[in-house]
Amino acid sequence: MKRDYWIYGGMGVVALVGIWVLFVGLPRWYPSEGMPTETSEASGRATDDELVAATLFYISDDGMRLVGFERRLVQHADPAVQGRIILEEQLAEPPAPLLSPIPPGTELRAFYLSDQDAFVDLSAEVALGHSGGSLEELFTVYAIVNAVTANIPAINAVQILVDGKEVDTLVGHVDLQHPLELNMQWVADPDADATQTSPVDQTDQL
Amino acid sequence: MLLMAILSANTCQVSKTLSPIRGMTGRLLVACCLVWLAAGSARGQTPDDPLTLVTPQDRRPLPTVRFDGRRLVAISELATPFGLTIADVRQPGRLTITRDDRIIVLTANEGLVSVSGQLVALASPPLERDGDWYVPIDFIGRALALVQDEPLELRPRSGLVLLGDVRVPQVVARYQRAGRQSRLRLMITPQTEHVVEQSDNRLLVTLDADALDLVLRDMRPDALVADIRAVDGQPALVVELRDGFGSFSATTEPALGGAVELVIDLQPRPVSTTRAAPPPTPPPGPRRGAGAGPPAGPGTGPTALIPGETVGDAMLPLLAELAPPRRIRAIAIDAGHGGNDVGTRGPDGALEKDVTLAVAQRLRNRIESELGLRVVLTRTSDTEVSLDERAAIANNDRADLFISLHTNASVRETAIGAEVFYLRLAEYGEEAREAGFTGQLVPTVGGGSRVLDIVPWEMAQLRHVDHSARWAQTVADELSQRVPMSPRGLQEAPFRVLVGANMPAVVVEMGFISNPDQEAQLTSTTFQSAIVSGLLRGIIRYRDEVESETLPLGPVDAGAPDASGRLP
C-alpha cells in the first residue's frame with residue numbers, strides 16, 4: 001500500500017514536470033521564429049531616437065486625388081512596429097488645411113505581418129463614418145495601403161480587416177477580399193500638378 | 001530525462017503493476033512527447049531548390065534552405081562568389097560582413113540590416129543556426145547588391161542571380177489551345193534575337209543571350225505538345241512534340257515596354273485522303289526573328305515546310321475564327337445600393353439609391369423601345385441586394401453587357417464630374433489572370449472529350465477585362481459629350497461588383513451628389529435623360545463595333561488609360 005503511494009506520487013511529479021517542460025520550458029528554450037507577429041506599442045522598442053521620413057496620404061484641394069505629405073516619425077527596426085507607427089499617424093487628424101481620407105474616430109485595432117503581407121484591423125468607424133462615394137472609398141483604402149507599402153519595402157501588400165473580420169468592401173465598392181499592393185493611381189504627381197498646395201516634398205516635424 | 005521518465009512509466013505498465021489509469025497517463029505523456037518531437041522537426045530547416053548564379057564566365061548553384069516557410073541562403077554560401085569577408089570578431093547576435101571598405105551588419109531577429117550605414121528592410125529577419133547565419137534570399141538583391149562593384153540582380157521567380165554584364169531576357173510563355181490547334185506565345189523582355197528551329201520531334205527556341213529567365217504558364221500536354229521546358233545550361237527552351245503535330249508558323253510582333261512577342265502556331269497533322277503515305281518530315285531549318293523586324297507571315301511557315309499539304313492546312317479554321325461569336329442581345333443594369341444601404345447622400349437629402357434606380361428604369365425603357373434588346377435589372381424596387389448577387393443575376397440571365405450605376409461623393413464640395421470604371425486587373429495578380437484561361441479536358445455525351453475553360457466564380461470578369469476596357473472607353477466618350485466629366489473620366493479600380501460579372505462590365509459614377517449643384521442635376525429629369533442618352537449611344541457603338549469585327553483569340557491588351565483617361 002505504501003509502495004503504491006510512492007508510485008502515484010512519482011507519476012504525479014513526472015506529469016507536472018512534463019507539463020511544465022511542454023508549456024513553459026520549451027517555448028522559453030526554443031522561441032518561435034518567423035510566425036506572424038502582432039505588435040503593440042508596449043512591445044515596440046525603438047532602436048534609437050532618430051526620426052525617419054514617411055509619406056502619408058491626404059485629400060487634395062479639389063477632392064479628386066490623394067497627395068503625399070512627408071512626415072517625420074520615430075524609426076523602428078521591426079517592420080511590424082514601424083507599420084503601426086505609420087498607420088497611427090495616418091489615422092490621426094491631419095494639420096489644416098489637409099483633409100484625411102479616413103473617417104474620424106477610426107482606430108487601429110491590430111497590425112500584424114505574415115510573410116510579406118500586412119493585416120490592418122480597423123475599427124468599425126472606418127465604414128460607419130464613411131461618406132459612401134466610390135472615389136472616397138478608393139482614397140480611404142489606398143491611403144492605408146500606400147502608407148504601409150510605400151514606406152516599408154519589406155511589406156508587399158496590405159489586407160484591411162474591419163472589427164477583426166474580413167469584409168467584401170468598406171461601403172460597397174472596393175474589393176477587400178484579398179491583400180492590395182501599392183497603387184499610386186490616385187496620388188497626384190507633384191511634378192505634373194504644380195497647383196497642389198501640399199506636395200510630397202513638404203515636411204512637418206512632429 | 002523526460003523521455004526516460006516516460007519510458008519508465010511504460011515499463012511499469014507492461015509489467016502490469018500499475019492500474020489502467022496510470023497506463024493512460026503514460027500513453028498521454030508519450031503522445032505529448034511524440035507531438036513535441038514532430039513539431040520540433042517541422043521547425044527545422046530543409047534543403048530547397050538552389051538559386052543559380054549567372055556570371056559572364058559561368059553558372060553555379062547557390063544552395064538554399066527552407067525554414068518556417070521562408071527561403072533562406074547561408075552567408076557562408078555567399079562569401080566566396082561575392083567576395084565577402086566575415087569579420088573575425090563576432091558579437092553575440094550580430095554579424096559583420098565586409099567587402100573592400102563596405103560593411104554589412106546583420107542582427108539576429110531584426111528585419112533591418114545596415115549596409116554601409118544605410119538601413120535596408122528584408123522580408124524576414126536573419127537567423128543564426130549552428131554557427132552559420134541565414135538570410136532571406138531577397139538579401140541578395142536588396143543588401144548585397146549595394147556592396148558589389150558589378151550589377152547584381154535577383155530574379156526570384158526563376159531563381160536566377162545575375163552578377164555582372166549578363167544578358168538574361170525574361171520569357172513569359174503561355175500555351176493556349178483552340179480546337180485542334182495550339183498557340184505558344186512567348187513574351188520576350190527585352191527584345192532579343194532568337195531562332196526557332198525544328199529537329200525531329202521537337203521545336204527549339206534559342207535566344208541570343210547568356211541565360212533564360214523562363215516563366216511558364218498554363219502548360220498542359222495535349223495532342224500536339226508533350227512538354228515545354230527550358231534547356232539546362234542554355235538560353236533556349238524546347239517544345240517536345242507529339243505524333244499529332246503537323247507544322248508550325250512563327251511570327252514576331254513588337255510589344256509594350258521594349259518587349260517582343262513571338263507567336264508560334266502549331267497545326268495538327270492534316271488528315272489527307274489523297275495520300276496514303278504520311279507527309280515527309282519537314283526539313284530542319286532555323287528561322288531567325290527579331291523584335292523590331294517585320295513579322296514573318298504565316299504563309300511562310302507551314303506551307304513552306306510541308307509541300308503538298310497547303311490545301312489541308314488552308315481548310316483548317318484560323319485561330320481567330322475559333323473565338324465565340326459576339327452578339328449583344330441583353331444588357332444588365334445594376335442600380336447601385338438599395339434598401340438600408342442608401343449609398344451616398346446629398347446636402348439637400350437626395351439619396352444615391354433613389355437616383356440610381358430612377359436612371360436604371362429610364363435606361364431600361366429606352367433600350368427596350370429603341371434597341372429591342374433584352375434588359376435585366378438587378379433590382380426593380382428599393383431593396384437591398386448584395387454585390388455578388390448583382391453579378392450573379394446578370395450571369396444567370398445571360399447578359400452580354402453590365403452597367404452598374406452610382407453617384408459619387410467627396411469631402412470636398414467642389415468635386416464634380418462623371419467617371420467610368422472598369423476592373424483593375426493588377427490587384428488580382430498575373431496568376432489570377434491566368435486562372436481565367438485554364439482549360440480542362442472533360443468527357444462529352446456519346447464519347448470523346450472537349451476542353452472547357454474553368455473559371456473561378458469570383459474571377460469571372462478576368463477574361464473579359466480587356467473588352468471591358470474598350471466598353472468603358474466607349475461609354476466615357478459618349479458621356480463626355482453630354483454631361484460634365486471628372487478630370488479622369490476613365491479609370492481602373494478593383495470594384496467588387498465587377499469581379500464576378502461574366503461579361504464586359506463597367507461602373508458609371510454619374511456625378512458627385514455631395515456637390516450641391518450636381519445633386520440638383522442628378523435628381524433632374526433633364527440630367528438623367530442626358531446620362532441615359534450617353535449610355536444608350538455607348539451601347540449602340542459598342543454593339544456595332546464588336547459585331548462587325550473579327551475578334552482575336554485571347555485578350556486584347558488594352559493597357560491602362562493615360563492621364564487624360566484615354567486608352568492607348
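Colleague: Where is the place of B:Asn109?
Modeller: This is a predicted model. In chain B, β6 covers residues 102–107 and β7 covers 112–115. B:Asn109 is placed in the loop between β6 and β7 of chain B.

Colleague: What is the phi of B:Asn109?
Modeller: B:Asn109 is not a glycine, yet its phi is positive. The value is about 65°.

Colleague: Is the peptide bond from A:Ala96 to A:Pro97 cis or trans, and in which loop does A:Pro97 lie?
Modeller: Omega for the bond from A:Ala96 to A:Pro97 is near 5°, and the bond is cis. A:Pro97 itself lies in the chain A loop between α2 and β4 (108–114).

Colleague: At what angle do α2(A) and α4(A) pack, and what is the handedness of the crossing?
Modeller: Helix α2 of chain A spans residues 79–91, and its axis is 9 Å from that of α4(A). The angle at which the two pack is about 145°. The crossing of α2(A) and α4(A) is right-handed.

Colleague: Which residues of α4(A) meet α2(A), and how many residues of the contact are nonpolar?
Modeller: From α2(A) come A:Ile86, A:Leu87 and A:Gln90. In α4(A) they meet A:Ala143, A:Ile144, A:Ala147 and A:Val148. By class, the contact of α2(A) with α4(A) has one polar residue, no charged ones, and six nonpolar.

Colleague: How much area do chain A and chain B bury between them?
Modeller: The contact takes 54 residues from chain A and 56 residues from chain B. Of the buried area, 56% is on carbon and sulfur atoms. The total between chain A and chain B is about 4400 Å².

Colleague: Which residue of chain B forms a salt bridge with A:Asp61?
Modeller: Two salt bridges are found across the interface of chain A and chain B. In the one with A:Asp61, the closest N and O atoms are 3.9 Å apart, within the 4 Å cut-off. The partner of A:Asp61 is B:Arg412.

Colleague: Which element gives the most to the side of chain A that touches chain B?
Modeller: Between the two chains, 17 residue pairs are in polar contact. On the chain A side, the elements that give two or more residues are α1 (2–29) and α4 (134–149). With nine residues, the element that gives the most is α1(A).

Key:
Residues are numbered from 1 along each chain as its sequence is written. Chains are lettered from A and ligands numbered from 1 in the order in which they are written. This is a predicted model: local features need pLDDT of at least 70, side-chain atom pairs count only at pLDDT 80 or more; totals for chains, interfaces and linings use all residues. Side-chain values use heavy atoms; hydrogens and water are left out. Contact means heavy atoms within 4.5 Å. Buried area is the accessible area (1.4 Å probe) that two parts lose on being put together, summed over both. A salt bridge is a side-chain nitrogen of Lys or Arg within 4 Å of a carboxyl oxygen of Asp or Glu. A polar contact is a pair of N or O atoms within 3.5 Å; within protein, one must be able to donate a hydrogen and the other to accept it, and residues adjacent in sequence count only if both atoms are side-chain atoms. Helices (H or I, at least four residues) and strands (E, at least two) are DSSP runs, numbered from the N terminus. Axes are lines fitted to C-alpha atoms, for helices over the stretch in contact, and angles run from 0 to 180 degrees between N-to-C directions. A crossing is left-handed if the near helix is turned anticlockwise from the far one by less than a right angle, and right-handed if clockwise. Ala, Val, Leu, Ile, Met, Phe, Trp, Tyr, Cys and Pro count as nonpolar, Asp, Glu, Lys and Arg as charged, and the others, Gly among them, as polar.
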